[in-house]
Amino acid sequence: MRMSSRRYVSVVLFALVAIVAIVTDQLSKAWALQNTSPDRIDPFIGSFISFQLVFNPGAAFSLLAHSTWIFTILSALISVFVLWYITRVVSKWWAVALGLLFGGAIGNLIDRLFRPPSFGEGHVIDFLNWNGWFVGNVADIYIVVAVGLMFVLTILSVPATAEHLKHAASESETAHE
């Protein structure tokens, strides 16, 4: 089956966004390992955002720190679903959102797979201390932005797939009758 030009553009846009997200996340973590420390907090934007190295075994706010393998499996499943779904997407905005989500998930999955203490249970490198509320990383930012964008697209009824587009068109025709 030949991919429509809208789907092709969406897949290419998704891939570009995902690659940029993964690369910038991994480069920022490499920088953090070289330039930050767990035993000090370095101001970046006043005290609102500072640098502090944390090796996070859990999820956001270090939740479920002893269940790292659950997040490894969950990240892998979400990533596989997004790869399956993107082939159906015709919206550029949905492609951007899914690219950010995928890039963020893969960025943290790389840490869980290949960082100590062991394969699948690696600790995620966090280094952005948000006013003492929590410490996160660039992948986390991409995930939050992706979820926010998906929320806005849903509220605005922006169709993601050709099927959604057809459904929205048929509802519009019915409303005008």
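This is a predicted model: local features need pLDDT of at least 70, side-chain atom pairs count only at pLDDT 80 or more; totals for chains, interfaces and linings use all residues.
How do strands β1 and β2 pair, and over how many bridges? They pair in the antiparallel sense, over three bridges, with β2 covering residues 46-56.

First, the overall count. The protein has five helices and four strands. Along the sequence they follow the pattern α-β-β-α-α-β-β-α-α. There are 177 residues, and buried residues make up 42% of them. Of the contacts with a separation of 6 or more, 66% are between residues 24 or more positions apart.

Now the sheet. The four strands form an open sheet in the order β1-β2-β3-β4, and the pairing is antiparallel. The edge strands are β1, residues 42-44, and β4, residues 135-136, each of which pairs on one side only.

Ile49 has Trp130 of β3 as its bridge partner. Then β3 is joined to β4 by two bridges, with the two strands running antiparallel. Here Leu128 stands opposite Gly136 in β4.

Is β3 largely enclosed or largely open? Seven of its seven residues are buried, so β3 is largely enclosed by the rest of the structure. Helix α4, residues 138-155, lies across β3, residues 124-130, and also across β4. The helix runs at about 75° to β3.

What does Leu153 touch, apart from its neighbours within four places in sequence? The contacts are Trp93, Trp94 and Val158. Trp94 is 59 residues away from Leu153 along the chain, yet their C-alpha atoms are separated by 7.6 Å.

Next, the helix pair α1 and α2. As background, two packed helices are described by the angle between their axes and the distance between the axes. Helix α1 spans residues 5-35 and helix α2 spans residues 68-86; their axes come within 10 Å and cross at roughly 150°. An angle over 145 degrees counts as roughly antiparallel, and therefore α1 and α2 are roughly antiparallel to each other. On the α1 side the contact is made by Ser10, Val11 and Phe14, and on the α2 side by Val82, Leu83 and Ile86. By class, that contact has five nonpolar residues, one polar and no charged ones.

Helix α1 also holds Lys29. Is Lys29 buried or exposed? Lys29 is buried, with a relative accessible area of 0%. Its side chain reaches the backbone oxygen of Gly107 at 3.2 Å. Leaving aside neighbours within four places in sequence, the residues in contact with Lys29 include Gly107, Asn108, Asp111, Val124, Ile125 and Phe127. Asn137 and Ala139 are in contact with Lys29 as well.

Most residues other than glycine have a negative phi, and most peptide bonds are trans.

The peptide bond from Pro116 to Pro117 is cis, with omega near 15°. Pro117 sits in the loop between α3, residues 92-114, and β3.

Asn131 is not a glycine, but has a positive phi of about 55°. Asn131 belongs to the loop between β3 and β4. These strands make a hairpin with four residues between them. With a relative accessible area of 34%, Asn131 is partly exposed.

Then there is Ser157, whose phi is near 60°, again a positive value in a residue other than glycine. Where is Ser157 found? Its place is the loop between α4 and α5, and α5 covers residues 162-176. Ser157 is exposed, at 57% relative accessible area.

To go back over the main points: the sheet has the order β1-β2-β3-β4 with antiparallel pairing. Seven of the seven residues of β3 are buried, and α4 lies across β3 and β4. Elsewhere, α1 and α2 are roughly antiparallel to each other, and Lys29 of α1 is buried. That is all I have.

Technical notes. Residues are numbered from 1 along each chain as its sequence is written. Side-chain values use heavy atoms; hydrogens and water are left out. Two strands pair if DSSP finds at least two bridges between them. Contact means heavy atoms within 4.5 Å. Axes are lines fitted to C-alpha atoms, for helices over the stretch in contact, and angles run from 0 to 180 degrees between N-to-C directions. Angles under 35 degrees count as roughly parallel, over 145 as roughly antiparallel, 65 to 115 as roughly perpendicular and the rest as oblique. Ala, Val, Leu, Ile, Met, Phe, Trp, Tyr, Cys and Pro count as nonpolar, Asp, Glu, Lys and Arg as charged, and the others, Gly among them, as polar. Buried means under 20% relative accessible area, exposed over 50%, partly exposed in between (1.4 Å probe, protein chains only). A polar contact is a pair of N or O atoms within 3.5 Å; within protein, one must be able to donate a hydrogen and the other to accept it, and residues adjacent in sequence count only if both atoms are side-chain atoms.
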